[in-house]
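Here is a short report on one protein chain. Please keep the sequence and the 3D view open while you read.

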Amino acid sequence: MLSFDSIPHDDLLKSVARRVADGSVLRLIKLWLKAPIEERDRDGKRRIVGGKKNKLGTPQGGVASPLLANIYMNRFLKHWRLTGRGVAFRAHVVAYADDFVILSCGHAAEALAWTKEVMTKLGLTINESKTSLKNARRERFDFLGYCVLQRHKERRSARRNGTCRTAA
């Protein structure tokens, strides 16, 4: 999972502008990103975050946040495709908004290291507490509210015998 509270507004708006030609809609999105938000801390105290000087992040829980996150995440996915990472890591990326899983056969650690480096360049941070390497054939993992566990009959080939791992 990524932290989209660090997404740079300028880069996000450039990504949106590649898809949206209507200047009024672009202005509305920019205003929406700058809107102050009231949050409550663990003690129930209210505080205001964001505002006109805010240059990072998308409002969490906002109706447009998943759409904006998908648009920005597309930068990573496009770079993944153009650099041939799927072939190099024998991997597939499954993504929605700020959540994604990389399914890799034998190269999960390398895929994770590469992903962290690229995400840093994009101004994003990976949530380390929710990131792990798992053997998807033997260990369950949670993704988008679902528990994923693949059960299969034992097979003789090494490729099918538990060498495939995930970076989530």
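Leu144 sits in the loop between strand E8 (141-143) and E9. Helices (H or I, at least four residues) and strands (E, at least two) are DSSP runs, numbered from the N terminus. Leu144 has a positive phi of about 55°, although it is not a glycine. Most residues other than glycine have a negative phi. Leu144 is partly exposed, at a relative accessible area of 40%. Buried means under 20% relative accessible area, exposed over 50%, and partly exposed in between (1.4 Å probe, protein chains only).

Leu144 also belongs to a nonpolar surface patch with Tyr96, Tyr146 and Val148. Together the four have about 410 Å² of accessible area. Patches are made of residues with over 30% relative accessible area and no salt bridge; like charges are joined within 9 Å, nonpolar side chains (Val, Leu, Ile, Met, Phe, Trp, Tyr) within 5 Å. Tyr146 lies in strand E9 (residues 146-148). Tyr146 is exposed, with a relative accessible area of 61%.

## Model and overall build

This is a predicted model: local features need pLDDT of at least 70, side-chain atom pairs count only at pLDDT 80 or more, and totals for chains, interfaces and linings use all residues. Residues are numbered from 1 along each chain as its sequence is written, and side-chain values use heavy atoms, with hydrogens and water left out.

The chain has five helices and 10 strands. Of its 168 residues, 35% are buried. The accessible surface comes to about 10800 Å², and 53% of this belongs to carbon and sulfur atoms. Accessible areas come from the Shrake-Rupley method with a 1.4 Å probe; for residues, only the protein chains shown count as cover.

## Nonpolar core

The largest nonpolar core has 23 residues. Such a core is a set of buried Ala, Val, Leu, Ile, Met, Phe, Trp, Tyr and Cys residues joined through side-chain atoms within 4.5 Å. Leu12, Phe76, Trp80, Met119 and Leu122 have the most contacts inside this core.

Two or more residues come from each of helix H1 (9-17), helix H2 (23-34), helix H3 (65-82), strand E5 (99-105) and helix H5 (108-121). H3 gives the most, with six residues.

## Salt bridges

The structure holds three salt bridges. Each is a side-chain nitrogen of Lys or Arg within 4 Å of a carboxyl oxygen of Asp or Glu. Glu128 and Lys116 meet at 3.3 Å, N to O. Glu128 lies in the loop between strand E6 (125-126) and strand E7 (133-134) and Lys116 in helix H5, so the pair ties together parts 12 residues apart in sequence.

Glu117 pairs with Lys121, the closest N and O atoms being 3.6 Å apart. These two are four residues apart in helix H5, so about one helical turn separates them. Glu117 is partly exposed at 47%, whereas Lys121 is exposed at 67%. Arg140 and Asp142 form a salt bridge at 2.9 Å, N to O.

Strands E2 (residues 37-40) and E3 (residues 46-49) run antiparallel, joined by four bridges. Two strands pair if DSSP finds at least two bridges between them. Glu39 stands opposite Arg47 in E3. Five residues lie between the strands of this hairpin, where Gly44 takes a positive phi near 90°.

Arg90 has a positive phi near 45°. Arg90 lies in the loop between helix H4 (85-88) and strand E4 (91-96).
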